[in-house]
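Q: I am new to this structure and would like to learn how to read its features one at a time. Could you take me through them slowly?

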Amino acid sequence: MSELEYLSVLNDEQKAAVVHSGSSLLILAGAGSGKTRVITTKIAYLIQQKNISPYKILAVTFTKKAAQEMKERAVKIEQNAQYCQIRTFHSFGSYFLRRYYAAANVDKNFTVYDDDDTVTLILKANPSITKKQATHYAHLISLAKDYCLLPDDPLLDSISSESFFRTVYEQYENRLRETGNVDFGDLILLPYLVLRDNENIRKSVHNQFKVIMVDEYQDSNVAQFKLLELLSGVKENSGTYVCVVGDDDQSIYKFRGAEVQNILNFQNMFPNTDVIKLEKNYRSTQEILSCAQYVVENNKGRLGKNLISARGKGKTPALVFLQTQDDETEFCADIILQSAKKGIPFSDWAILYRTNAQSLGFETEFMHKKIPYQVVGALKFYDREEVKDIISWLSFIVNPKDEISFRRIANKPARGLGEKSQDKIVEAGLGKSLLDQCKNISFSKKAKEATEEFVKLAESFISLLPDLMEDEKKKSLVESALLDENAEEEIETPAETEADETEKENSSYRNLSDYIKAIVKDSGLYEYYKEKDELFLTQKVLNLDELINSASSFSYSREGLLDFLDHVNLDRTLETEENSSTDKVTLITLHNTKGLEFKRVIITGMESGIFPRDGKDEADMEEERRLFYVGITRAMNELYFTSCATRKLYGHINYTNPSLFLNELDSKCLRVLGDVPEGFTLVKQPKQKQAKASLSEKYCKGAQVYHDDWGYGQIISAKVSDEGEYTVKVAFETGGIKTFMPEYQSHSLLVIE
DNA sequence: AGTGCAACTCTTTTT
DNA sequence: GAGTTGCACT
């Protein structure tokens with residue numbers, strides 16, 4: 001085959017991963033090893049060279065951002081990649097459930113309940129418990145669903161052995177099914193159950209998707225694994241090609257049900273899996289990668305990788321010891337300002353911390369010194385009260401069985417439809433349209449008037465929302481029928497469709513924004529929040545405008561509205577253009593940095609009790625260590641660590657010790673600036689016998705090596721010295737022969753495998 | 001139903 | 001120390 005242009009930019013391993021076929025594939029992609037490039041190129045390659053229909057390719061990611069980026073980059077290489085299903089796991093679940101809603105026993109127009117909604121529903125299903133308990137159970141239920149455990153599963157004990165928990169879980173499930181809606185866990189769990197119990201649907205899906213790829217596989221949970229298993233039909237000889245990409249060293253979401261065993265055991269669950277490692281790192285300099293390597297090698301349960309930089313040695317990372325956290329924020333501000341004087345943009349810099357609370361100090365200091373910054377992930381636009389109110393209206397309009405949304409909007413602004421009346425309406429007919437219930441129940445005169453007002457309002461909103469045009473409907477019917485053969489369909493709602501044009505005649509609104517605008521106004525919430533804004537100097541009306549704005553690209557129809565609600569519910573962040581384009585320092589938690597990169601990174605709060613946090617068992621420590629690894633590998637050119645002697649915590653000043661992780665860094669890959677606290681040493685790597693054995697295997701006679709200063713060479717002899725040190729002689733291509741001790745030089749003398 | 005004050009809790013959180 | 005929650009009071 002002739003060398004294709006887009007293949008020629010790949011290294012050998014990347015290329016192998018792209019052209020691989022025939023069996024399942026596990027790509028172990030180290031940080032910064034170009035894994036997105038590999039996946040997107042693979043998608044293009046499958047379409048162009050392997051003649052795979054793009055409709056038959058499914059790629060799932062964990063974040064919307066990742067999905068968007070993947071799609072954009074794939075389409076850049078191959079236009080037809082736009083017809084692939086490239087979605088987040090949860091968005092795929094939603095897409096699946098809208099198609100097979102009947103088999104899943106959910107409402108066709110379901111919306112997704114968030115964690116708060118779950119708590120409320122638990123409380124309503126079981127009024128005797130406190131809110132605190134409900135929150136606790138909500139957490140357990142979500143975990144149970146992540147592990148694919150139903151209320152009657154004996155294994156539920158592994159989540160909690162409390163017998164009452166089963167009761168709460170079961171009551172919650174019943175109540176949730178009555179609403180017709182789903183929670184986050186259901187978006188994975190229900191598709192799994194549908195596939196498990198319906199052979200015909202399973203067969204049809206196996207026909208639809210012949211290629212399935214999963215990104216960030218190390219953070220998949222048990223339910224996601226089981227779903228993948230059924231989607232791929234691996235046990236039924238479906239012939240579907242499965243390719244998962246991940247890095248076991250970057251698994252940081254165990255507390256949310258991520259199961260690192262999924263990637264460690266992948267080869268057992270998918271027989272004949274080939275494994276390709278991507279270890280060439282194009283992001284960071286070698287000194288930064290050495291730090292990362294020293295740290296992560298302290299973990300036991302890992303597949304093992306060794307990142308090699310394609311960018312040379314670079315600047316040695318620096319560790320700075322400071323007295324107080326005020327010194328820390330000042331240090332960060334000053335180093336950024338100094339660099340700014342040299343013309344380095346603010347956007348080169350990222351401040352990383354373990355907990356959100358730590359951002360505050362930086363915000364005040366940066367404000368003072370006029371350093372522009374953005375806090376990533378902290379503000380959750382769609383969690384704001386006023387925004388949730390409107391979302392509740394919209395959810396109720398598409399699904400009037402939605403108890404939670406009903407309760408939220410029924411009496412806001414106050415119209416005399418209080419909680420007692422709401423209870424009456426809801427409990428009189430669980431699982432029925434609450435609007436119908438409103439009409440069927442007899443109230444006192446006051447409550448009756450209030451209820452009538454609410455019903456009138458809701459019905460007028462509903463009547464103004466058209467379904468898709470008949471033509472569109474027919475088209476989607478045909479599509480469904482054709483599903484097995486050739487699942488051609490629109491993946492995303494186009495911004496402007498012909499349907500929009502025709503619909504103009506049917507109503508006064510041009511697009512979904514106008515419709516939502518009308519709801520904001522007519523519901524009385526606009527006035528309600530306008531008054532609040534004036535009283536408390538808030539910006540709630542502004543947020544409502546923002547919400548209205550964000551709907552402008554969705555079509556004005558029931559389907560468009562459902563799309564919009566999915567968009568909102570399945571991505572809690574609202575991207576505003578100013579955030580991404582201007583020159584600002586990024587303040588961000590370590591968790592949120594996954595998938596990102598910055599030229600200059602400062603990892604702050606390197607203190608015991610902060611990072612790693614207290615009360616961690618050994619497994620948790622390994623996860624914290626992976627988090628540290630993720631943080632380090634975000635840096636491209638410069639990396640700093642700061643550690644304070646004292647830190648204010650919950651209003652008290654605490655004397656802290658340097659983080660244990662700092663001791664795991666070798667003095668060779670770290671400069672220490674400032675005073676070193678008493679008793680602190682950068683220890684050399686613990687020399688275990690095992691390490692020595694593998695060292696002599698790795699650095700064996702004949703092995704090809706690369707050295708930072710000397711270039712490429714080959715080991716011509718190896719022996720254990722009189723002092724018991726393992727030494728090797730290397731003949732370099734340049735002609736020189738040098739002796740090395742791999743135990744101490746493994747980061748500068750690299751074996752090429 | 002809305003306000004005020006005491007009590008409480010305080011990781012990380014792609015979806 | 002700060003932000004949230006819950007209860008009591010009007």
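Q: Which residues are linked in a network of salt bridges?
A: Side chains of opposite charge can pair when their charged atoms come close. A salt bridge here is a side-chain nitrogen of Lys or Arg within 4 Å of a carboxyl oxygen of Asp or Glu, and in this structure Lys124, Arg175, Glu403, Arg407, Glu419, Asp423 and Glu427 are linked in a network of such bridges. By this rule the count comes to 48 salt bridges.

Q: What should I keep in mind about the model and its numbering?
A: This is a predicted model, in which local features need pLDDT of at least 70 and side-chain atom pairs count only at pLDDT 80 or more, while totals for chains, interfaces and linings use all residues. Residues are numbered from 1 along each chain as its sequence is written, chains are lettered from A and ligands numbered from 1 in the order in which they are written, and side-chain values use heavy atoms, with hydrogens and water left out.

Q: What is the secondary structure of chain A, and how much of the chain counts as buried?
A: Helices (H or I, at least four residues) and strands (E, at least two) are DSSP runs numbered from the N terminus, and chain A comes to 33 helices and 24 strands. A residue is buried under 20% relative accessible area, exposed over 50% and partly exposed in between, with a 1.4 Å probe and protein chains only; of the 753 residues of chain A, 55% count as buried.

Q: With which side chains does arginine 647 meet in salt bridges?
A: The side chain of arginine 647 meets that of glutamate 328 at 2.9 Å, N to O. Glutamate 328 lies in helix 16 (residues 325–341) and arginine 647 in strand 17 (residues 646–649), so this pair ties together parts that are 319 residues apart in sequence. The side chain of arginine 647 also forms a salt bridge with that of glutamate 607, at 2.6 Å, N to O. Glutamate 607 belongs to the loop between strand 15 (598–603) and helix 30 (618–632), so its pairing with arginine 647 ties together parts that are 40 residues apart in sequence. Both glutamate 328 and arginine 647 are buried, and glutamate 607 is buried as well.

Q: Are the partners in the bridge between glutamate 229 and lysine 235 buried or exposed?
A: The side chains of glutamate 229 and lysine 235 meet at 3.5 Å, N to O. Glutamate 229 counts as buried because its relative accessibility is 12%, whereas lysine 235, at 68%, counts as exposed.

Q: Where does aspartate 114 lie, and which residues does aspartate 114 touch?
A: Aspartate 114 is found in the loop between strand 4 (112–113) and helix 7 (115–125), and with a relative accessible area of 9% aspartate 114 is buried. Contact means heavy atoms within 4.5 Å; not counting residues up to four places away in sequence, aspartate 114 touches Phe184, Asp383, Lys388 and Arg572. A polar contact is a pair of N or O atoms within 3.5 Å, where within protein one must be able to donate a hydrogen and the other to accept it, and residues adjacent in sequence count only if both atoms are side-chain atoms. The side chain of aspartate 114 makes such a contact with the side chain of lysine 388 (2.9 Å), and a polar atom of the aspartate 114 side chain lies 3.0 Å from the backbone nitrogen of aspartate 117.

Q: At what angle do helix 10 and helix 12 pack?
A: Two packed helices are described by the angle between their axes and the distance between the axes. Here axes are lines fitted to C-alpha atoms, for helices over the stretch in contact, and angles run from 0 to 180 degrees between N-to-C directions. Helix 10 (residues 186–197) and helix 12 (residues 222–232) pack at about 35°, with their axes 9 Å apart. The residues making the contact include Ile188 and Tyr192 of helix 10 and Leu227 and Leu230 of helix 12.

Q: Which peptide bonds are cis, and which residues have a positive phi?
A: Most residues other than glycine have a negative phi, and most peptide bonds are trans. In this model a cis peptide bond joins lysine 412 and proline 413, with omega about -5°, and the bond from phenylalanine 611 to proline 612 is cis too, with omega near 0°. Phi is positive at cysteine 148, near 65°, and at asparagine 237, near 50°. Cysteine 148 counts as buried, at 8% relative accessibility, while asparagine 237 counts as exposed, at 74%.
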